[in-house]
Amino acid sequence: MTGCRPLPAARILLMRAIFPVAAAMLAGAGLARAQAPAAKPVDALADPVRMTLAEVAYAHPLYRALDEAPKLAERANLQDLDTRQPLVLAVHILETGRVSEAVPIEPPLKGLAAPLAALVPRWRFAPAKKGGQPVPTWAAYSIDLAISLEKGIFSAFALEALRKDDPLLSTVRDTSGDAWMTRYPHDIEPKDPAAVSIEDVDALPAVEKTPWSFDAARARARATALVEVSEQGAVARFLPTGETEPLLGIWLRQLASKWRFTPALSGGRPVACWMTLDATLDYTLDSAKKKSERVLKKNLRATRPS
């Protein structure tokens, strides 16, 4: 190259000799690192204070050890029940006011849904409105019913002191009043892109024609409950559990208020304790007459909340 001072011949020969040796040394160092064995993992130190966790045996939280269980000394027969109960439905009302579906929400008796399939196609509402236009929605429609239950008998009846290993059963929800509805969300679930939540409409649907009729029917249902017997031998608390239908729980609670027991004994003295009821009830749902009705601005079209 022009302008560069030429290197002496001796220096050129020295560099030619050094470069291959240096390259070989670097390559050898890299190969040595690649072939070096991986470092052994450090063994964890033994924990000298490690303790084996003890298994805790399950016991029902209401269980109480007894010397002698309560004994039912007097059991009254089921009396006919006349009561007023709401049947609340999530009703799919189209923008035309026609009803395409009605779903009972936590009904007092499952049998009350029997006539819906034949009646719902005949129902008509003035449709809900939003922005001045009719819109489809899922309305909460409540029918107040005068219900009569008759000829109740037990085809199976077991009332025993609560055992330590009895399973935990959820108690039946209280659906009196309207407060229970607040457990349901604002939005429709499963989602319905065509429908507007009843909580977002400007004008609620109005009842125009909702015929109701109910034919008497014989029914059978299982009912379970937790029953607290006081040291005086009376029923202090009655808590329907499991899948007991709410109205049957009310009926049985009224009956249980008349039961009398020889009380439980522990340490030689009377004590309060819990018992479990497991019964099968046959009865006639004699009538369910509509007394009033209303539409509520609350969405109930959703998965049942836990």
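How much space lies in the largest cavity? Here are some notes on that and on the packing around it.

1. First, the ground rules. This is a predicted model, in which local features need pLDDT of at least 70 and side-chain atom pairs count only at pLDDT 80 or more, while totals for chains, interfaces and linings use all residues. Residues are numbered from 1 along each chain as its sequence is written, and side-chain values use heavy atoms, with hydrogens and water left out.

2. The largest cavity holds about 40 Å³ of space. A cavity here is a set of points, on a 1 Å grid over the protein atoms alone, where a 1.4 Å probe fits but cannot get out; lining residues have an atom within 4 Å of a point. Points are joined across faces, edges and corners, and the volume is the space filled by probe spheres set on them. Counting cavities of 30 Å³ or more gives two.

3. Lining the largest cavity are Pro-86, Val-88, Ile-105, Glu-106, Pro-108, Thr-175 and Trp-180. That makes five nonpolar, one polar and one charged residues (nonpolar: Ala, Val, Leu, Ile, Met, Phe, Trp, Tyr, Cys and Pro; charged: Asp, Glu, Lys and Arg; polar: the others, Gly among them).

4. The second largest cavity has about 30 Å³ of space. Its lining consists of Leu-62, Tyr-63, Arg-64, Leu-66, Ala-161, Leu-162, Cys-273 and Trp-274, with seven nonpolar, no polar and one charged by class.

5. On to the cores: a nonpolar core is a set of buried Ala, Val, Leu, Ile, Met, Phe, Trp, Tyr and Cys residues joined through side-chain atoms within 4.5 Å. Buried means under 20% relative accessible area, exposed over 50% and partly exposed in between, with a 1.4 Å probe and protein chains only. The largest core has 52 residues, of which Leu-89, Leu-112, Trp-123, Leu-149 and Leu-277 touch the most other members. Strand β14 gives the most to this core, with eight residues (strands are DSSP runs of E, at least two residues, and helices runs of H or I, at least four, numbered from the N terminus). Another core, of 13 residues, lies apart from it and includes Val-88 and Trp-180.

6. Finally, Thr-284 lies in strand β14 and is buried, with a relative accessible area of 13%. Thr-284 and Glu-150 are 134 residues apart in sequence, yet 5.1 Å apart in space, C-alpha to C-alpha. The side chains of Thr-284 and Arg-218 are joined by a polar contact of 2.8 Å (N or O atoms within 3.5 Å; within protein, one must be able to donate a hydrogen and the other to accept it, and residues adjacent in sequence count only if both atoms are side-chain atoms).

Note on methods: On a 1 Å grid over the protein atoms alone, a cavity is a set of points where a 1.4 Å probe fits but cannot get out, and a pocket is an open set with protein on both sides within 12 Å along at least five of seven lines; lining residues have an atom within 4 Å of a point.
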